[in-house]
Amino acid sequence: MEIKSETGLTTKTYQDALMIRRTVFVTEQKVDLAIEIDENDPIAINYVGYLAQVPATTARIVPAKNNGWHVQRVATLKEFRHHHYGSALLNAIATDAQAQNIAYLILDAQITAIPFYQQLGYHLTERSEFLDAGIRHREMILTLHQKGQA
């Protein structure tokens, strides 16, 4: 899988990410497009995993407080699920974050996806369950080792 990341609304990576997000969140999960595209789109780093140049999986990153990254809009097209492409994408994001000395990754996991994130080392925070776009979520965090630390 080839992974590309770019910022900006006019990039091919953003357009491919948006296609995946529309398919998964708007079509499959019935999220209103008006809330799927938001104020973070222009500033987010969009990651897309490609298989033979076909977009398969995506996530975006926005800054979080205290030197963190907030991972958002994690989605894989149905035909590419259960092949570990989403895991590979999130591991690449973690690698990039560590290279930039980011302290942690945080995300809002749909309840059904919690085991997926736990396999990648994420842990539930103390924040209570909440609804986002009418879907039950929990906040999860992955603490990253800083450069120069064991």
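**Close-up 1. Helix H1 bends by about 30° at arginine 22.** The bend at a residue is the angle between axes fitted to the seven residues ending there and the seven starting there. This is a predicted model, so local features need pLDDT of at least 70 and side-chain atom pairs count only at pLDDT 80 or more, while totals for chains, interfaces and linings use all residues. Residues are numbered from 1 along each chain as its sequence is written, and side-chain values use heavy atoms, with hydrogens and water left out. Helices (H or I, at least four residues) and strands (E, at least two) are DSSP runs, numbered from the N terminus. How far apart are the end C-alpha atoms of H1? They are 23 Å apart, which agrees with the 24 Å that its 17 residues should span at 1.5 Å a residue; that expected span is 1.5 Å times one less than the number of residues.

**Close-up 2. Here is the buried side of the story for H1.** Buried means under 20% relative accessible area, exposed over 50%, and partly exposed in between (1.4 Å probe, protein chains only). Among the buried residues of H1 are Tyr14, Leu18, Val24 and Phe25. Their cover includes strands E1 (2-7) and E2 (45-51), along with H2, E3, E4 and E5, where contact means heavy atoms within 4.5 Å.

Close-up 3. Asparagine 67 belongs to the loop between strand E3 (54-64) and strand E4 (68-76).

**Close-up 4. The largest pocket holds about 1,000 Å³ of space.** On a 1 Å grid over the protein atoms alone, a pocket is an open set of points where a 1.4 Å probe fits, with protein on both sides within 12 Å along at least five of seven lines; lining residues have an atom within 4 Å of a point. Volume is the space filled by probe spheres set on the points. Of the 37 lining residues, Phe25, Val74, Ala75, Ala113 and Tyr117 lie nearest the centre. Which element gives the largest share of the lining? That is E4, with seven residues.
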